[in-house]
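Visitor: I'd like to go through this model with you. Can we take it piece by piece?

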There are 2 protein chains.
Amino acid sequence: MRFIHLSLALGLALGAAGSTRATSESDGDMAVAYRQSAFKLIYWNFSKMGAMVRGAAPFDATDFAQRASRVAALAEQLEEGFPKGSETGGVTEAKPEIWTHWDDFTAKLDDLKRESAALREVTASRDEDAMKAQFQKVRQTCGACHDEYKAD
Amino acid sequence: MRFIHLSLALGLALGAAGSTRATSESDGDMAVAYRQSAFKLIYWNFSKMGAMVRGAAPFDATDFAQRASRVAALAEQLEEGFPKGSETGGVTEAKPEIWTHWDDFTAKLDDLKRESAALREVTASRDEDAMKAQFQKVRQTCGACHDEYKAD
């Protein structure tokens, strides 16, 4: 994987120079790549659910449920992608306010976790209207966090 | 997210040129970004488990179990990242043999899914030796597929 090669090459290159910042810089870059990957997977699944919700794709309750389960699981994996030291690692759209308003940021992450877990739950009913309504609640938690903490 | 902006910009740019290949090229790039993201998340979690297995980090059975669960779920999400048309999308290390030997490739993906699901199961026992042994089986399925289908 490019990610591994890049990180390894970076680590070795910086290590060879004897820099004590090597590890933290490399860790920051890896954290940025990790969280961006998690967001990409969330977006991949969420956008396919969105197409069903707005009628751009046929509503498939089984597929919708599978993607809801993925998003709920991925939401649980986001927080470890924002360690201190990853404010400036790699190319990031994460605003520095994340780390200066950490409690508010993690509260917003908790909103996503709670609402996406609720969406995973509601898919068991196969109630299309309920699934679509809960999808919108998840979407609002995405927007609420992006408004504050994601650079345009 | 950079991913969305890039895809959107690419789609708009190609769409404006009136190319009929715009959609498929954009879809290919998105599939490449999606599968690379899934592999990054697998690697992120798998490497932390690997550090515990080889003694480079303290063995934490709860953390190990959580990461095993993530990897098993992510393994299930890989196949849809390799649609026809994504052979040359983006910058990919996926060899074209994936699509000419599709049955063998998906059999190797099935090996990963089976062994990572078994690892998720075995973590319930909290038996450290059993967890480490099954981790190696998962690792072998990674290597078997990379040997054939991933460019160096």
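Visitor: Which residues in α3(A) and α5(A) meet?
Guide: Phe64(A), Ala68(A), Ser69(A), Val71(A), Ala72(A), Ala73(A) and Ala75(A) in α3(A) meet Leu112(A), Lys113(A), Ser116(A), Ala117(A), Leu119(A) and Arg120(A) in α5(A). Contact means heavy atoms within 4.5 Å. By class, this contact of α3(A) with α5(A) has nine nonpolar, two polar and two charged residues. Ala, Val, Leu, Ile, Met, Phe, Trp, Tyr, Cys and Pro count as nonpolar, Asp, Glu, Lys and Arg as charged, and the others, Gly among them, as polar.

Visitor: Before we go on, what should I know about the model and the numbering?
Guide: This is a predicted model: local features need pLDDT of at least 70, side-chain atom pairs count only at pLDDT 80 or more, and totals for chains, interfaces and linings use all residues. Residues are numbered from 1 along each chain as its sequence is written, chains are lettered from A and ligands numbered from 1 in the order in which they are written, and side-chain values use heavy atoms, with hydrogens and water left out.

Visitor: At what angle do the axes of α3(A) and α5(A) cross?
Guide: Roughly 155°, and the axes come within 8 Å. Axes are lines fitted to C-alpha atoms, for helices over the stretch in contact, and angles run from 0 to 180 degrees between N-to-C directions. So α3(A) is roughly antiparallel to α5(A). The cut-offs are under 35 degrees for roughly parallel, over 145 for roughly antiparallel, 65 to 115 for roughly perpendicular, and oblique for the rest.

Visitor: Left-handed or right-handed crossing?
Guide: α3(A) passes α5(A) in a left-handed crossing. Left-handed means that the near helix is turned anticlockwise from the far one by less than a right angle, and right-handed that it is turned clockwise.

Visitor: Back up a bit. How many helices and strands are in chain A?
Guide: Six helices and zero strands. Helices (H or I, at least four residues) and strands (E, at least two) are DSSP runs, numbered from the N terminus. Along the sequence, the pattern is α-α-α-α-α-α.

Visitor: How much of chain A is buried?
Guide: Buried residues make up 42% of its 152 residues. Buried means under 20% relative accessible area, exposed over 50%, partly exposed in between (1.4 Å probe, protein chains only).

Visitor: And what share of its contacts join residues at least 24 apart?
Guide: 70%, among contacts in chain A between residues at least 6 apart in sequence.

Visitor: Now Glu115(A). Where is its place?
Guide: Glu115(A) sits in helix α5 (residues 102-122) of chain A. Glu115(A) counts as buried because its relative accessibility is 15%.

Visitor: What is Glu115(A) in contact with?
Guide: Gln134(A), Lys137(A), Val138(A) and Thr141(A), leaving aside neighbours within four places in sequence.

Visitor: Over to chain B. How do α5(B) and α6(B) cross?
Guide: Their axes come within 9 Å and cross at roughly 165°. So α5(B) is roughly antiparallel to α6(B). The crossing is left-handed.

Visitor: Which residues in α5(B) and α6(B) meet?
Guide: The α5(B) side includes Phe105(B), Leu112(B), Glu115(B) and Leu119(B). On the α6(B) side, Met131(B), Gln134(B), Val138(B) and Thr141(B) are among them. By class, this contact of α5(B) with α6(B) has 13 nonpolar, three polar and six charged residues.

Visitor: What about Arg126(A), what is its phi?
Guide: Positive, about 60°, although Arg126(A) is not a glycine. Most residues other than glycine have a negative phi. Arg126(A) lies in the loop between α5 and α6 (128-149) of chain A. At 42% relative accessibility, Arg126(A) counts as partly exposed.

Visitor: And Arg126(B)? What is its phi?
Guide: Also positive, about 60°. Arg126(B) is in the loop between α5 and α6 of chain B. Arg126(B) is partly exposed, at 41% relative accessible area.
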